[in-house]
Structures are given as structure tokens and as C-alpha cells.
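Me: I am new to this structure and would like to go through it with you. Could we begin with the terms, please?

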Amino acid sequence: MLKGEVAVLKMKPELHYGEDDCPVSVSDSFPKDAELNFEIELIEFSKIMAVTEDLGILKKVINEAQSWENPRDLYEVKARVSAKAGDGQPLQLPTTGEPIMFTFGKSEVPKGLQMGIGTMSRGEKAVIYVTSQYLSQSPLIPL
């Protein structure tokens with residue numbers, strides 16, 4: 001689909017939520033044997049980059065970078081970081097609103113955040129989604 005496009009998608013019963021092994025549960029009143037019609041308007045979409053193969057760290061670019069170089073071990077990094085929990089509630093970090101300085105590769109920020117920042121370039125603004133398995137303790141951003 002193209003941005004702004006409206007389409008009707010018809011889905012046969014064998015392809016929708018009615019299957020017994022479907023990971024999405026449906027009520028008993030759901031029409032499992034019916035063809036479903038979905039009217040969809042594509043309003044917006046964004047490219048999401050998988051930083052890790054297990055999808056534990058994802059990155060959504062908000063503003064493109066000004067250069068091609070990424071930070072690597074022992075680079076000094078200056079970044080502005082804010083954080084939200086999975087439910088959207090903001091986390092109060094000691095650095096909220098203020099840039100932080102850290103040395104890349106020295107575990108000064110949580111592992112998942114550092115891995116996501118490692119894919120960024122100068123001037124880039126991104127949202128980095130990190131699952132709990134990549135949230136290590138760190139001195140600059142205690143969680």
C-alpha cells in the first residue's frame with residue numbers, strides 16, 4: 001500500500017484468527033468460519049531496523065544522520081537520552097533533558113542502549129526499543 005491509500009482486504013477463514021493454534025485469542029462468538037473484510041487506510045509507516053537477530057533491540061530513525069561514521073569502542077559519545085517504560089510511562093533519569101557523555105565500550109550506559117547507539121551516526125535522532133534482557137546496570141543511567 002501507499003501512504004494515504006485506502007483498501008479493502010478480504011481474508012479467507014483459513015488465514016485469519018479462527019485457527020486453534022493462532023497466538024491471538026478470540027472469543028467464542030468470533031466468526032471463525034466467515035470471510036472477513038478489513039477496510040484499511042495507511043496513514044503512516046516507518047522503517048524499523050533490527051539491531052539484534054532476536055528483535056531484542058530495534059531502532060526507528062526519526063531524523064537521518066549527518067555523516068556515515070558510527071561510534072566504536074573508546075569513542076567519546078555525547079547524547080541526549082530520555083526513556084519510557086513499555087507501557088509508555090516516562091522514566092525519571094538523572095540525565096533527562098541534559099546530554100550525557102560516555103565512553104563507548106566501557107559499559108557506562110545499559111548494554112542495549114549502547115548497542116543501539118552503535119548503529120547511529122552524528123546528528124541522527126532515533127527511538128531505540130530495548131527488551132529487558134538487554135537492560136544491564138550502568139553508572140550513568142541507573143534502571
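Reply: Strands here are DSSP runs of E with at least two residues, helices are runs of H or I with at least four, and both are numbered from the N terminus. Please keep in mind that this is a predicted model.

Me: Thank you. Where is the place of S82?
Reply: S82 sits in the loop that joins β5 and β6.

Me: Is S82 buried or exposed?
Reply: S82 counts as exposed, because its relative accessible area of 62% is over the 50% cut-off.

Me: What separation is there between the C-alpha atoms of S82 and Q92?
Reply: Their C-alpha atoms are separated by 8.3 Å, and the two residues are ten apart along the chain.

Me: And E98, where is that?
Reply: E98 belongs to the loop between β7 and β8, where β8 covers residues 99-103. E98 is exposed as well, with a relative accessible area of 52%. From C-alpha to C-alpha, E98 and V81 are 7.7 Å apart in space, while they are 17 residues apart in sequence.

Me: How many nonpolar, polar and charged residues has the lining of the largest pocket?
Reply: By class, this lining has 24 nonpolar residues, nine polar ones and eight charged ones.

Me: How much space lies in the second largest pocket?
Reply: About 170 Å³ lies in the second largest pocket.

Me: Which residues line the second largest pocket?
Reply: The lining is made by K47, M49, K59, V61, I62, E64 and E124. Strand β4, residues 57-63, gives the most to this lining, with three residues. Sorted by class, the lining of the second largest pocket has three nonpolar and four charged residues, and no polar ones.

Me: Now the sheet, please. What order has the open sheet of three strands?
Reply: The order is β3-β4-β9, and the pairing is antiparallel. The edge strands are β3 (48-50) and β9, each of which pairs on one side only. On average, neighbouring strands of this sheet are turned by 25° against each other, with direction ignored.

Me: Over how many bridges do β3 and β4 pair?
Reply: β3 and β4 pair over three bridges, in the antiparallel sense. A50 has L58 in β4 as its bridge partner.

Me: What lies in the loop between β3 and β4?
Reply: One of the residues in that loop is T52. T52 is buried, since its relative accessible area of 7% is under the 20% cut-off.

Me: With which side chain does the side chain of T52 make a polar contact?
Reply: The partner is the side chain of D54, at 2.7 Å. The side chain of T52 also reaches the backbone nitrogen of I57, at 3.1 Å.

Me: Then S138: where is it found?
Reply: S138 is in the segment that follows β9. With 8% relative accessibility, S138 counts as buried. The side chain of S138 reaches the backbone oxygen of I141 at 2.9 Å.

Me: One last topic, the backbone angles. What phi has L74?
Reply: L74 has a positive phi of about 70°, although it is not a glycine. Most residues other than glycine have a negative phi. L74 is part of the loop between β4 and β5, and it is exposed, with a relative accessible area of 60%.

Me: And what phi has S107?
Reply: S107, which is not a glycine either, has a positive phi of about 55°. S107 is placed in the loop between β8 and α1. Its relative accessible area is 51%, so S107 is exposed.

Conventions: Residues numbered from 1 in each chain as written. Predicted model: local features only at pLDDT ≥ 70, side-chain atom pairs only at ≥ 80, totals over all residues. Heavy atoms only, no water. Nonpolar A, V, L, I, M, F, W, Y, C, P; charged D, E, K, R; others polar. 1 Å grid on protein atoms, 1.4 Å probe; cavity = no way out; pocket = protein on both sides within 12 Å on 5 of 7 lines; lining within 4 Å. Points joined across faces, edges and corners; volume = space filled by probe spheres on them. Buried < 20%, exposed > 50% of the residue type's maximum accessible area, 1.4 Å probe, protein only. Pairing = 2+ DSSP bridges. Axes fitted to C-alpha atoms, helices over the stretch in contact; angles between N-to-C directions. Polar contact = N/O pair within 3.5 Å; in protein donor to acceptor, adjacent residues only side chain to side chain.
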